[in-house]
Amino acid sequence: MTFETSIFSKQNTQAPIRLDLFCKVVDNFGDIGICWRLSKQFASEYAIAVQLWVDDLASFKRLCPQVSLDQECQVVEQITVRHWKNQAQTFSPSDIADIVIEFFACDIPPDYIATMATLTRKPIWLNLEGLTAETWVEGCHRLPSSHPQYPLTKYFYYPGFTDQTGGLICEAELETNRQIFLMRESELEHPFLRGLGLSSTEIKASKVSLFCYPHAPVSDLIQAWCNSSSPVVCLVPEGVAQTALTAFFGATPEVGMSKTVNALTLRVIPFLDQENYDHLLWLCDVNFVRGEDSFVRAQWACKPFVWHIYPQDENLHHKKLAAFLDRHRTIDPAESDFSLAWNAVQVCPDWDKLWRNYEQQREETPALVEQWRRQMMLNGDFSRNLFDFVGELRKK
Ligand code: TRH
């Protein structure tokens, strides 16, 4: 049974299922990063007609250069992208999609909600929540919430690390694509890395990608890499760790800049589109990632990674970090100390030693990170799980 017939079996129509996804960019790139990734997956793997409403096209364009900044409505890779300018927009019943998703509790336009309420066949309405490894998520996942004013129910849907959550976003072809890409990259003598400016010597060195929030102790780590006993090449997308990089280069960092100090070569690379950012993660030996989406992609890259968690008031993020490390520690024992120092949960008296230990211990990590990938795959892909849930709701 295809997805379409299974979830909309009562709907005698060949028209594709329509899904509206609303994304408010609170800050940075994770909100649109995740929504864009989901939109592409919904369209390509489920043949769904996706309309992505996003309020900040400039952030979107950083990770998807095809986006044009001045269009209210445009089609990008089969997705209809709508510039969500304000809440005052009005809608007619035919505007309302079959599935309506709001991302991170962004308030969708009031008239959209009012119009949903007028329909005989109400759309499925979901709120996608943020990723955390904390156990309370399992109790909140899939919970309904009745609208105070209208006969509408919204359901909370959580990604997560167990089979009692929605799992992690993982496209069907991701692992195959990774294997093919890695094979080609090595057979063709590293076109991707050469394209980023790396020399043959740099390609052989320990390669690290760096994506973190501005408060990360990057200067300490840079110093430790300079003092390392083996060469380290650090690749930093433009705009990341500006202060530490300015101090290192003695000038504002720009794409193409590179400088070697003792064991370390540091290169500023372009901010890549999402697909190429995956390629970077696949090719580096260690990935420093942050937030939510790059954090998940690092896990699918099957390489050791260090997570810079999104900071929250009252150090709530420390709890979230601990919850993740509790689950992941057995997989990557070297990660714990490093992560705690990187996130300022623990003071690090000696970064040289910390990096040295991390380097030594991570020799054992490849098999373990693969084991983690398999374990996470058992929870199922987030989108697949989500549409199974939509199917269940439809049958009610
Ligand atoms: O950018 P982030 O910090 O995003 C978020 C937001 O802060 C959000 O509000 C918060 O809720 C969330 O973190 C926890 O980090 P994240 O989630 O990793 O998103 C970055 C996106 O940018 C991701 O989709 C990968 C993409 N990216 C590229 O496409 N190219 C690049 O070169 C880089 C560095 C990232």
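Modeller: In the side chain of Asp31, an N or O atom lies 3.2 Å from an oxygen atom of the ligand, a polar contact being a pair of N or O atoms within 3.5 Å. The model is predicted, so to count here local features need pLDDT of at least 70 and side-chain atom pairs pLDDT 80 or more, while totals for chains, interfaces and linings use all residues. Residues are numbered from 1 along each chain as its sequence is written, and side-chain values use heavy atoms, with hydrogens and water left out.

Gln274 places a polar side-chain atom 3.0 Å from a ligand oxygen atom, and for an N or O atom in the side chain of Arg290 the distance to an oxygen atom of the ligand is 2.8 Å. Taken alone, the ligand exposes 710 Å², of which the protein buries 96% (Shrake-Rupley method, 1.4 Å probe).

Around the ligand stand 22 residues, and Asp27, Tyr213, Leu272, Asp293 and Ser294 come nearest (a residue is near if one of its heavy atoms lies within 4 Å). This shell comprises 10 nonpolar, six polar and six charged residues, where Asp, Glu, Lys and Arg count as charged, Ala, Val, Leu, Ile, Met, Phe, Trp, Tyr, Cys and Pro as nonpolar, and the others, Gly among them, as polar. Because domain 1 (3–168 + 379–395) and domain 2 (174–377) both give residues to the shell, the ligand lies between them; the domain bounds come from an automatic or database assignment.

Methods: Polar contact = N/O pair within 3.5 Å; in protein donor to acceptor, adjacent residues only side chain to side chain.
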